[in-house]
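Thanks for coming, everyone. Please have the model open.

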Amino acid sequence: MVNGSAETESPETRTVAFIGLGNMGGPMAANLVAAGHRVVGHDLSADALAAAVDSGVTPAASAVEAVPGADVVITMLPAGRHVLALYRDEGLLAAAAPGTLFVDCSTIDVADARAAHEAVAEAGHRGLDAPVSGGVLGAEAGTLTFMAGGGAEEFAAAEPLLAVMGKRAVHCGDAGAGQAAKICNNMILGVSMVAVSEAFVLGESLGLTPQALFDVASTASGQCWALTSNCPVPGPVPTSPANRDYRPGFAAALMAKDLGLAAGAARASGVDATLGLRAAELYEEFAAAGGADRDFSAIVRAIRARSER
Ligand code: NAD
């Protein structure tokens, strides 16, 4: 199998333990069930677990109880501390049969992902970090993009399942490489959304209509996804969240989280990511000031408000 594509291999049925059945994990697990895999799941939230059971997931009373008999353990949890606590402290690794494949799809710190890989290997298992992009709609439609870190064999073993939950899986390198790709991509996205938003506010103050700026920049060197697909002002791109009062889309709280991970990694590795660090601060402030649930393109409102003072 060529890296960078996730074509479905054999329709081999697997037994999957799926831990974390929230906004993303719930529909991902449902797609595995729909593809004929046996999925035993657990979530601390009774509502999330009940919704997963409705889609055919077999409930387990705890995460540890979901694992015996599983070929693959998938986690989709809020942060690295949840993954490490389950793996190391709560006995998830100890409960699995030797050689079980642990695939963590959560977005977590690169250092935590590497620590998770180490714990998995020490316990005699195989690991893959495989965070996603594509959001809840992508999870529901089975069109996520996976960015994977780990060995080639582990990637190949996970690929048939990733192909059910997503449309593309890229093997980015060794342990932690999937998380690294995820936060670097989202740093580009966060910085470019701030840049596009500042340009629209500056254009407004200079008497330029948003449509005129869009017509030029979208076909000139300012072209980027933040402008042409997720345009932060209403009008030029009818499908962008700006046209529906910034309902996400990709919530600002999640952008703040991902930029925080990127900023932490930049500091830890001594990289001069001036704009990435500033974007992390801007999104943190925006989320804390009530914008958490809005699409991340709503940052344009904060820039406009500060400009009018
Ligand atoms: P969520 O909060 O909806 O789901 C997380 C679930 O994990 C919750 O239901 C929670 O109860 C459960 N959980 C926490 N600790 C647990 C434990 N010890 N055992 C069992 N269950 C536990 O979050 P989400 O939106 O599904 O995001 C999950 C991950 O995916 C995050 O890391 C997020 O950054 C990433 N992500 C989210 C999106 C998105 O658009 N929502 C997009 C890309 C990546």
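**Helix packing, ligand and backbone**

Let's start with a crossing: α9 passes α14 in a right-handed crossing. Right-handed means that the near helix is turned clockwise from the far one by less than a right angle, and left-handed means anticlockwise. Helices here are DSSP runs of H or I with at least four residues, strands are runs of E with at least two, and both are numbered from the N terminus.

Before going on, the ground rules. This is a predicted model, where local features need pLDDT of at least 70 and side-chain atom pairs count only at pLDDT 80 or more, while totals for chains, interfaces and linings use all residues. Residues are numbered from 1 along each chain as its sequence is written, and side-chain values use heavy atoms, leaving out hydrogens and water.

Two packed helices are described by the angle between their axes and the distance between the axes. Axes are lines fitted to C-alpha atoms, for helices over the stretch in contact, and angles run from 0 to 180 degrees between N-to-C directions.

Back to α9, residues 177–205, and α14, residues 299–307. Their angle is about 45 degrees, with the axes 9 Å apart. The two are therefore oblique to each other. The cut-offs: under 35 degrees is roughly parallel, over 145 roughly antiparallel, 65 to 115 roughly perpendicular, and the rest oblique.

Who touches whom? On α9, the contact residues are Met 193, Val 194, Ser 197, Glu 198, Val 201 and Glu 204. On α14, they are Ile 299, Val 300, Ile 303, Arg 304 and Ser 307. Contact means heavy atoms within 4.5 Å.

Next, α9 against α13, residues 274–291. The axes come within 9 Å and cross at roughly 75 degrees. That makes α9 roughly perpendicular to α13. Met 187, Gly 190, Val 191, Met 193 and Val 194 of α9 meet Leu 275, Gly 276, Ala 279, Leu 282 and Tyr 283 of α13.

Met 28, Asn 31 and Leu 32 of α1 contact Leu 161, Val 164 and Met 165 of α8.

Now the ligand. Which of the 22 residues around the ligand come nearest? Asn 23, Met 24, Asp 43, Leu 77 and Lys 257. Here, near means a heavy atom within 4 Å.

Look at the backbone there. A backbone N or O atom of Asn 23 lies 2.9 Å from a ligand oxygen. For a polar backbone atom of Met 24, the distance to a ligand oxygen is 2.8 Å. For one of Leu 77, it is 2.9 Å.

Last, the loop between α11 (225–228) and α12 (252–268), where Gly 249 is found. The peptide bond from Pro 248 to Gly 249 is cis, with omega near 15 degrees. Asp 245 lies in the loop between α11 and α12 too. Asp 245 is not a glycine, yet has a positive phi of about 55 degrees. Most residues other than glycine have a negative phi, and most peptide bonds are trans.

Terms used. Polar contact = N/O pair within 3.5 Å; in protein donor to acceptor, adjacent residues only side chain to side chain.
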